[in-house]
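Here are my notes on the model you sent. Please read them with the structure open.

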Amino acid sequence: MLLLTLAGHPLAVSADDWFRWRGPQLNGVSAEVDWDHRRIADRNSQRWQRNVGIGFSSVVTKSGLLLTSGHQDGSDTVHCIDAAGGDIVWQFSYPSPLDAREFDGGPTSTPTIDDDRVYALSREGDLFCFDARSGQIIWRKQIVDLAGVRVPGWGFSASPLVVGDTLLINAGDAGLALNKLTGNLLWKSADKDCGYGTPTLMKQNEQTIAIIPSGRSYVAVDVETGREQWRQRWLTSFGCNAADPIIDSGRVFLSSGYNRGAALLAVRGAAPAILWKNKSMRNQISSSILIDGYLYGVDGDIDDQTSLNCVDLETGEIRWSDSEINPGAIAAAGDRLIVLSKSGELTIAQVSPKGLQVLVSRKVLQAKCWTTPVLSNHRIFCRDASGELVCIDVSPEK
């Protein structure tokens with residue numbers, strides 16, 4: 001069902017748009033520098049609040065539009081919202097089960113905006129391509145039927161990733177690819193459980209390589225052909241590899257929860273070499289962030305005690321660990337971390353290998369918070385599991 005309240009919205013690109021999962025550079029770091037974190041302390045800085053339905057989908061933004069997904073009354077809905085005022089631009093709903101398997105349920109994948117199109121994936125494998133201005137469906141596919149791949153235990157959670165004219169989806173043993181314009185299948189992988197993290201890109205031998213979490217490995221494939229380049233076996237309880245890999249100068253950082261831990265790989269030829277492996281960082285859901293050679297991330301299983309850890313990428317050594325913030329998900333801008341606690345406190349902290357300094361903190365949500373906050377165009381967007389989505393204005397005072 002499509003609900004339209006506004007059409008013809010322009011989609012010019014802004015440098016501060018957050019148009020895909022983990023941001024323009026796929027690293028969780030915003031390039032914004034002139035935002036004012038002090039405004040969070042003022043309750044009048046909240047510009048709007050809207051319920052978008054149960055789920056854990058984060059938000060993406062472009063040209064004043066915000067996209068996210070949620071569940072209500074037996075249907076999932078893709079919401080297009082005016083980012084400044086919180087008004088609905090368009091909505092599209094389709095039947096989908098809540099599927100609350102040991103968590104609240106609802107959609108877990110974050111939409112992607114590319115040019116004038118929006119791509120959204122449901123936990124059951126319904127893949128949509130919308131016109132971003134109007135919400136009209138350009139094409140629709142059911143990837144389980146299209147590619148003959150199974151739905152993983154907690155449903156498809158990765159975000160669609162656009163690379164040129166290719167749309168990458170984490171489905172099957174090592175992903176699948178479609179033509180982003182038509183939805184036609186370009187290549188697929190074996191029918192095995194996929195992981196829950198979004199593909200991450202790196203260059204290897206002049207090729208664009210996607211590293212894709214599966215249920216039992218992290219697999220590097222050629223984006224153009226789907227041909228496997230290498231594979232790192234990575235067994236985790238319940239096959240839950242959900243945190244995205246982090247790429248740095250030909251090295252790949254991996255981390256998973258359930259006490260699995262982390263490793264740093266050096267990509268050399270047909271097989272990666274493990275530089276170090278330990279349990280200094282155990283990212284169950286929220287991916288770590290790399291700042292100036294140090295990893296900052298949520299350590300521990302999200303429904304238990306978590307801490308915010310700082311780990312030296314070179315050695316794997318923990319520099320410090322803080323459990324007071326009770327982190328659920330993080331983003332960053334420069335050396336400031338944007339931390340959303342599991343109980344809804346929004347905290348801005350300046351970080352370095354020497355420690356953490358809390359700059360400001362305020363409770364902005366009431367329900368469980370596992371969804372990554374987003375800083376875009378001087379606004380911070382936070383969402384909880386019940387679907388409450390808030391917009392906090394952090395524009396500099398004039």
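The points below cover the open space in the model and one of its sheets.

1. Keep in mind that this is a predicted model. Every value below is computed from it.

2. Start with the largest pocket. Its space comes to about 670 Å³. The lining runs to 31 residues. Nearest the centre of the pocket are Thr108, Cys240, Ala242, Ile285 and Trp370.

3. What is the make-up of that lining by class? The largest pocket has 14 nonpolar residues in its lining, along with twelve polar and five charged ones.

4. Next, the cavities. How many of 30 Å³ or more does a search of the whole structure find? The search returns one. The volume of the largest cavity is about 70 Å³.

5. The residues lining the largest cavity are Trp18, Trp21, Arg22, Gly28, Ser286, Ser287, Ile330, Ala331, Thr372 and Pro373. By class, five of these lining residues are nonpolar, four are polar and one is charged. Arg counts as charged and Gly as polar here, so Arg22 is the charged residue in this lining.

6. Now the sheet. It is open and has four strands, in the order E3-E34-E33-E32. Pairing is antiparallel. Strand E3 (46-51) and strand E32 (374-376) sit at the edges, and each pairs on one side only. From one strand to the next, the twist averages 20 degrees.

7. Within that sheet, look at E33 (residues 379-383) and E34 (residues 388-393). The two strands run antiparallel and are joined by five bridges. Which residue in E34 is the bridge partner of phenylalanine 381? That partner is cysteine 391.

Technical notes
Residues are numbered from 1 along each chain as its sequence is written. This is a predicted model: local features need pLDDT of at least 70, side-chain atom pairs count only at pLDDT 80 or more; totals for chains, interfaces and linings use all residues. Side-chain values use heavy atoms; hydrogens and water are left out. On a 1 Å grid over the protein atoms alone, a cavity is a set of points where a 1.4 Å probe fits but cannot get out, and a pocket is an open set with protein on both sides within 12 Å along at least five of seven lines; lining residues have an atom within 4 Å of a point. Grid points are joined across faces, edges and corners, and a volume is the space filled by probe spheres set on the points. Two strands pair if DSSP finds at least two bridges between them. Axes are lines fitted to C-alpha atoms, for helices over the stretch in contact, and angles run from 0 to 180 degrees between N-to-C directions.
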